[in-house]
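Visitor: I am new to this structure and would like to learn how to read it, feature by feature. Could you take me through it slowly?

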Number of protein chains: 2
Amino acid sequence: MPRPLHDLITAFAAFGDSGEGGVARLAASSADRAARDRLAQEIRQRGLSLTVDPIGNMFGAAVLAPASREVVLVGSHLDSQPTGGRYDGAYGVLAGLLAVEAIAARSLAEPGAARRNLALANWTNEEGARFQPSLTGSAVYAGSLPLEAARALRDADGVSLGEALAAIGYRGEGELPFDPVRYVELHVEQGPVLEQASADIGIVAAAWAARKLSLVFEGAPSHTGPTPMARRRDALRAAARAIDALYAEAEAAAVGAHVSAARLTVFPNSPNVVASRVQAWFELRHEEAAVAMALGARFLTQAVAAARELGVEVTIAADECRDTVALDMPGAALAHAVAGDLGLRALTMKTVAGHDALALQKRLPASLIFVPSRGGLSHNPNEFTDEPALDKGLSVLTETLWRMVTAPA
Amino acid sequence: MPRPLHDLITAFAAFGDSGEGGVARLAASSADRAARDRLAQEIRQRGLSLTVDPIGNMFGAAVLAPASREVVLVGSHLDSQPTGGRYDGAYGVLAGLLAVEAIAARSLAEPGAARRNLALANWTNEEGARFQPSLTGSAVYAGSLPLEAARALRDADGVSLGEALAAIGYRGEGELPFDPVRYVELHVEQGPVLEQASADIGIVAAAWAARKLSLVFEGAPSHTGPTPMARRRDALRAAARAIDALYAEAEAAAVGAHVSAARLTVFPNSPNVVASRVQAWFELRHEEAAVAMALGARFLTQAVAAARELGVEVTIAADECRDTVALDMPGAALAHAVAGDLGLRALTMKTVAGHDALALQKRLPASLIFVPSRGGLSHNPNEFTDEPALDKGLSVLTETLWRMVTAPA
């Protein structure tokens, strides 16, 4: 029995293979280029027309209704975290590719059924691992992030996203020649909700809010030996206190917030020099925006006060407040109906993680469909979803897209 | 009036000039090569014979007593921290150069007075900023660190010290053709003791003990969003707790220990992935070795317990216990007498910081002489000592060395 989805996922897992089952395929890296080149080949082989836009988003369009300017988009992202799994993002792109292929074939068999076109999308730098903020390509497409600002984002080595895209040959000049009317994204869940509920399909109704803060702690360099303890202005000690304060505030609030501090740069980062400058990235997530914002405010107050006691100044390098997002209700209802028609157990849920669908909802009705992930593992090479579960997601995606391209309006 | 010491210090501050008054001249970097090339030129111009040994130590020997195999060594280091001042290390090398020059001239004027030879030394990687541990070249010369182990030390990019020395042309093959009988090092103090005491000269009798620990915190990567808080195994949170525990233990003990955590590496260091691996470097210093060791033990217990609560394992990557060092008493007495003869206020003191003299004391009698440093600033571009104070140190050094090379035994 052919296993096209499984074979594609296996083939793409070779691009940036981390040797542990997962992938390290940072946006606009050579591994990303290899995956993009293969996707371009897969798109062309299926007779779809390839477009690469100025922020590197890739599209593979099937013209199902030549008289229509409308297009339904389906996709996700091929970039990954440094400790990425093989399904995160790639599943949505590759299942999307097969769904477009299946619908193009069905459309040929049922002439006139399709009332609009369909295109696959691979969005640039969804992860935000190499360039912050995340959801870059989809935000540019949605019009909420200016192209030039996105191209000017710089990685830790000072390379801009524009330069990196040019270097791998994906700073395009094309534009998808259709008006997008809907977007659907299939993704592995990145938490344990579906597994715990023994559900096949998650229909995402909304997303949690997130406050993403980047703080710079500025002290002064001094010798770690003879400098009297009271004279030190230790930026790393201040950052450690802030990390502690983050978890303490979240635990004291006991409102179910998810918080994290996962990235830190230390200067000069020598064992013998009291750190003079530390930048740290913090996230606070909650299903209510007001709670995330207030928690962030209390954390900031604590972090600044703790730093001041050490003679360390705190400046806010970034403060990104992502509101909750309500995804398109008719789209969710449609996907739910499809799952029911296919005899699958579907659950309406929220997403805590960011997804391209959330960025795109700012421009057009967007839908997000999850399949379970074993143990809820994500951004981990052991991320895993079995083939039957992946195939169920593909079935729901394909039928949902078919109904969208054939619907009267 | 000629200002040879000032002119030399200014000239050498150009090598690795950090643009803030200080230098960033990491061991075996291109800036270090430039400083070494200039030192080689200065050595040759003064008619001294240049030797570069297999770990890159540079020597400039003045043959004052051809019949003797004995040599008195004087020196310090030209490498710096990333946030180094222009005096730390360079002062001792350049004052040493002028002292050797002056003594060679005086020896010509007083034939037969010198009973042994004199050589300048520039020791490799004193700072330990690029390669850990510090005091590398002097420890190899003293016989306490095997040459091959020193050459195999790797920097954060995986470059070995041996490779780095070869790349700048300073992995030598020479050997200083004399038996060292004494070592004298002149250095700026790196704390506020002399300034507070209004003393001109510090005669270092002994060094504090230090325990230097490098710990690896091993958790698991996961998504910073949907992963339930209780399922995370957060290596960065564990490291932050350890940093907190370090200061808490030192403050609770209230025994005057100096402690620090100044270097940290985070993997994968992405804002969206709970850190799976963090390595942190800790130092605990006290004038009694037993106190530093016991404090280190209590810190380790706390750090491991705090990490376990988070599901994070701790392994010890390095645990370097540096005992107190008593420097040579007759050498200290001689320097004290010289300072008195020159009408200078000398203070007997201890050093908290490591110095090449401490490494060399394991092989031969070593002496360490300090001059004040404004505000005790060190490893900071604003490190400063005024010219008269620097000249006083040079005078004490020169006369001390003269008495050492002319002493009967």
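Visitor: What is the handedness of the crossing where α8(B) passes α9(B)?

Guide: A crossing is called left-handed if the near helix is turned anticlockwise from the far one by less than a right angle, and right-handed if it is turned clockwise. In this predicted model, α8(B) passes α9(B) in a right-handed crossing. Helices (H or I, at least four residues) and strands (E, at least two) are DSSP runs, numbered from the N terminus. Residues are numbered from 1 along each chain as its sequence is written, while chains are lettered from A and ligands numbered from 1 in the order in which they are written. Because the model is predicted, local features need pLDDT of at least 70 and side-chain atom pairs count only at pLDDT 80 or more, whereas totals for chains, interfaces and linings use all residues.

Visitor: At roughly what angle do the axes of α8(B) and α9(B) cross, and which residues meet there?

Guide: Two packed helices are described by the angle between their axes and the distance between the axes. Axes are lines fitted to C-alpha atoms, for helices over the stretch in contact, and angles run from 0 to 180 degrees between N-to-C directions. Here the axes of α8(B) and helix α9 (residues 289–309) of chain B come within 9 Å and cross at roughly 145 degrees. Two residues are in contact if their C-beta atoms, placed from the backbone, lie within 7 Å. On the α8(B) side the residues include Ala238(B), Arg241(B) and Leu246(B), and among those they meet in α9(B) are Leu295(B), Phe299(B) and Gln302(B). By class, this contact of α8(B) with α9(B) has 11 nonpolar, one polar and three charged residues, where Ala, Val, Leu, Ile, Met, Phe, Trp, Tyr, Cys and Pro count as nonpolar, Asp, Glu, Lys and Arg as charged, and the others, Gly among them, as polar.

Visitor: How do the axes of α8(A) and α8(B) cross?

Guide: The axes of helix α8 (residues 235–253) of chain A and α8(B) come within 9 Å and cross at roughly 120 degrees. That makes α8(A) oblique to α8(B), since angles under 35 degrees count as roughly parallel, over 145 as roughly antiparallel, 65 to 115 as roughly perpendicular and the rest as oblique. The crossing of α8(A) and α8(B) is left-handed. Among the residues that meet there are Leu236(A), Ala240(A) and Tyr247(A) in α8(A), with Leu236(B), Ala240(B) and Tyr247(B) in α8(B). By class, the contact of α8(A) with α8(B) has eight nonpolar, no polar and six charged residues.

Visitor: What rotation superposes chain B on chain A?

Guide: Copies are superposed by least squares on the C-alpha atoms of residues with pLDDT of at least 70 in both. A rotation of 180 degrees, with 0.0 Å of shift along its axis, superposes chain B on chain A, and the RMSD is 0.0 Å. The two copies are thus related as by a two-fold rotation axis. The same surface serves both copies, for 100% of the contact residues of chain B recur in chain A. Of the residues of chain B, Ala240(B) comes closest to the rotation axis, at 2.3 Å (C-alpha).

Visitor: How many residues does the contact take from chain B and from chain A?

Guide: The contact takes 54 residues from chain B and 54 residues from chain A. On the side of chain B that touches chain A, α8 (235–253), β8 (258–267) and β9 (277–286) of chain B each supply at least two residues. By class, that side of chain B has 25 nonpolar, 22 polar and seven charged residues.

Visitor: Into which domains is chain A divided?

Guide: Domain bounds come from an automatic or database domain assignment. By that assignment, chain A is divided into domain 1 (4–208 + 324–406) and domain 2 (212–322). The C-alpha centres of domain 1 and domain 2 of chain A lie 34 Å apart, and the contact takes five residues from domain 1 and six residues from domain 2 of chain A.

Visitor: Where does Pro268(B) lie, and what kind of peptide bond joins it to Phe267(B)?

Guide: Pro268(B) is found in the loop between β8 and β9 of chain B. A cis peptide bond joins Phe267(B) and Pro268(B), with omega about 0 degrees.
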